[in-house]
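Biologist: I would like to go through this model and ask what stands behind the words used for it. Please set each value against its definition.

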Amino acid sequence: MSLLQKQKGSARLLAKRPPIPRYRTSVPTRPASSQASSPTASNARTLVYAAVFTASAGLFSIYYFDSRSALHRYVLTPALRSLLDAETGHKLAVKALKYGIAAKDQVEDDNSIQGEIWGQAVNNPIGLAAGFDKDGEAIDGLFDLGFSWVEIGSVTPKPQPGNPKPRVFRLEEDQAIINRYGFPSQGHAFVLSRLKERLPQFFTEPKPASLRPGDLLAVNLGKNKDAPADSIDDFVAGSKHTWPPTIWKDYLAGVTKARDELEPSSLTSRRPKLVLKLAPDLDEDQLIDIAEVVQQTKIDGVIISNTTIQRPKHLINANKQEIGGLSGPPVKAYSLKALKTLRQHLPASIPLIGCGGISTGADALEFAKAGASLVQIYTSFGYDGVGTCRRIKDELVEELKKEGKTWNQVVDAAVKQLSPVPSPLDDQIKKGEEAVSQLVAEANYLKTLLEEASENVAESQDKKPETEAVSKPSESVELAEVQASVVA
């Protein structure tokens with residue numbers, strides 16, 4: 001076969017084969033107009049998201065920084081309690097207030113709850129007791145929550161760590177706390193420097209130590225653990241550095257003398273007030289003895305009460321077995337009883353501050369009716385959070401509306417009714433016609449005493465005789481620990 005024939009045969013074979021299909025991949029494309037608008041749409045969405053986020057964050061901030069928000073009482077505070085132990089939660093709260101990331105009281109106080117003490121008007125009667133801000137870290141943050149009285153400490157002369165941990169225990173079913181902190185403190189010098197940092201560099205007129213009109217700042221000083229039990233040096237040192245401290249009867253003369261020797265403050269233009277704080281565990285005889293000491297030693301006021309070592313039978317939580325001071329609603333009955341007793345044995349010129357188990361406006365009003373010029377809270381603040389002060393004030397306003405009175409009117413009526421009438425027998429002997437009036441006043445006073453004595457004798461005969469021994473008056477004060485705070 002020739003070469004030409006072979007090529008023709010191959011051409012015929014190729015012609016008979018089926019054609020091989022060719023595939024072409026198509027890539028979808030967008031119209032030119034869509035490609036041009038893509039960056040614009042993306043930017044618009046970003047702006048919308050940013051605006052929504054900013055608005056949400058702003059609204060949340062307004063809600064969060066208002067102490068009235070239910071978020072604090074019903075969400076954040078319970079969450080912290082469930083996640084952290086009592087002391088860690090306490091420290092975290094102090095830091096939040098220190099750095100200004102806590103809520104604030106946004107409402108102006110109602111005129112009906114304005115208080116008064118030592119002739120000075122205060123914005124409201126609700127204060128914070130010592131023990132929360134131990135080293136004066138969060139003074140302004142606490143005032144921002146609406147407290148009219150912030151008491152820092154206890155502060156000891158030298159730094160000390162306090163008792164071993166754990167030393168704070170919650171009794172949640174009882175809304176109470178037991179603590180045995182043992183005065184952990186950074187010491188006088190450190191706290192004093194912190195207080196000085198708050199002072200304005202220039203001021204032309206006297207200011208309260210709180211630097212806020214209508215508010216009071218108090219310092220509570222304690223004794224170092226390694227100091228001799230009978231030493232007064234820590235107390236006198238405290239009065240020289242800041243203000244007087246925790247004291248016993250034997251120390252009152254020395255401490256008040258140290259206070260009186262202080263130069264008037266360049267800030268306040270006056271010396272600080274010295275206020276005792278008593279335990280609710282004192283019996284009636286001990287309270288009467290202390291009332292006499294208070295009048296003899298120039299004490300300016302009394303806070304009733306501190307924590308109690310008693311354990312009411314109705315306590316539920318297992319932590320009730322812990323050693324330490326109990327605070328919260330279980331203390332209220334003891335505090336009120338001690339307050340009423342002391343009010344009946346102190347003149348109206350010496351104000352009382354109620355403390356112990358106050359968690360509602362009705363509680364505060366109950367203390368006012370017992371003769372307390374102001375009140376302090378502590379444990380309820382730990383359980384309910386930053387809105388506690390505002391809530392109690394709002395409730396108090398409603399309670400006073402029911403009474404048709406103001407806070408000061410309630411207090412004045414109670415003090416007038418309960419405080420002893422000054423004895424005319426102590427007045428200087430007068431002459432002439434005034435002597436006759438003086439004799440009549442003394443006779444009426446003696447008649448009143450005789451009537452009261454007769455009533456007391458009749459009541460005592462109806463009662464069964466006491467089986468427990470009663471401490472002698474000279475012993476009772478020696479056994480009764482008293483604590484002091486100073487207010488400027």
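Biologist: How many of the residues of the protein count as buried, and what makes a residue buried?

Modeller: Of the 488 residues, 45% count as buried. The term means a relative accessible area under 20%, while exposed means over 50% and partly exposed lies in between, with a 1.4 Å probe and protein chains only. This is a predicted model, in which local features need pLDDT of at least 70, side-chain atom pairs count only at pLDDT 80 or more, and totals for chains, interfaces and linings use all residues. Residues are numbered from 1 along each chain as its sequence is written, and side-chain values use heavy atoms, with hydrogens and water left out.

Biologist: Why is Thr 268 called buried?

Modeller: Its relative accessible area is 7%, so Thr 268 is buried. Thr 268 sits in the loop between helix 8 (249-261) and strand 8 (273-278); helices (H or I, at least four residues) and strands (E, at least two) are DSSP runs, numbered from the N terminus. Apart from neighbours within four places in sequence, Thr 268 is in contact (heavy atoms within 4.5 Å) with Pro 206, Lys 207, Pro 208 and Ala 209.

Biologist: Is Ser 380 buried or exposed, and where does it lie?

Modeller: Ser 380 has 9% relative accessibility and therefore counts as buried. It lies in helix 12. Leaving aside neighbours within four places in sequence, its contacts are Ile 358, Ser 359, Gly 385, Thr 388 and Ile 392.

Biologist: What makes helix 9 oblique to helix 10?

Modeller: The axes of helix 9 (residues 284-296) and helix 10 (residues 332-343) come within 9 Å and cross at roughly 45°. That angle makes the pair oblique, because under 35 degrees counts as roughly parallel, over 145 as roughly antiparallel, 65 to 115 as roughly perpendicular and the rest as oblique. Axes are lines fitted to C-alpha atoms, for helices over the stretch in contact, and angles run from 0 to 180 degrees between N-to-C directions.

Biologist: Which residues make that contact, and how do they divide by class?

Modeller: Glu 284, Leu 287 and Ala 291 of helix 9 meet Ala 338, Thr 341 and Leu 342 of helix 10. They divide into four nonpolar, one polar and one charged. Ala, Val, Leu, Ile, Met, Phe, Trp, Tyr, Cys and Pro count as nonpolar, Asp, Glu, Lys and Arg as charged, and the others, Gly among them, as polar.

Biologist: How do you know that the span of helix 13 is close to the expected one?

Modeller: Helix 13 (residues 388-403) has 16 residues and reaches 23 Å from its first C-alpha to its last, against 22 Å expected. The expected span is 1.5 Å times one less than the number of residues. Just after helix 13, Gly 404 takes a positive phi of about 70°.
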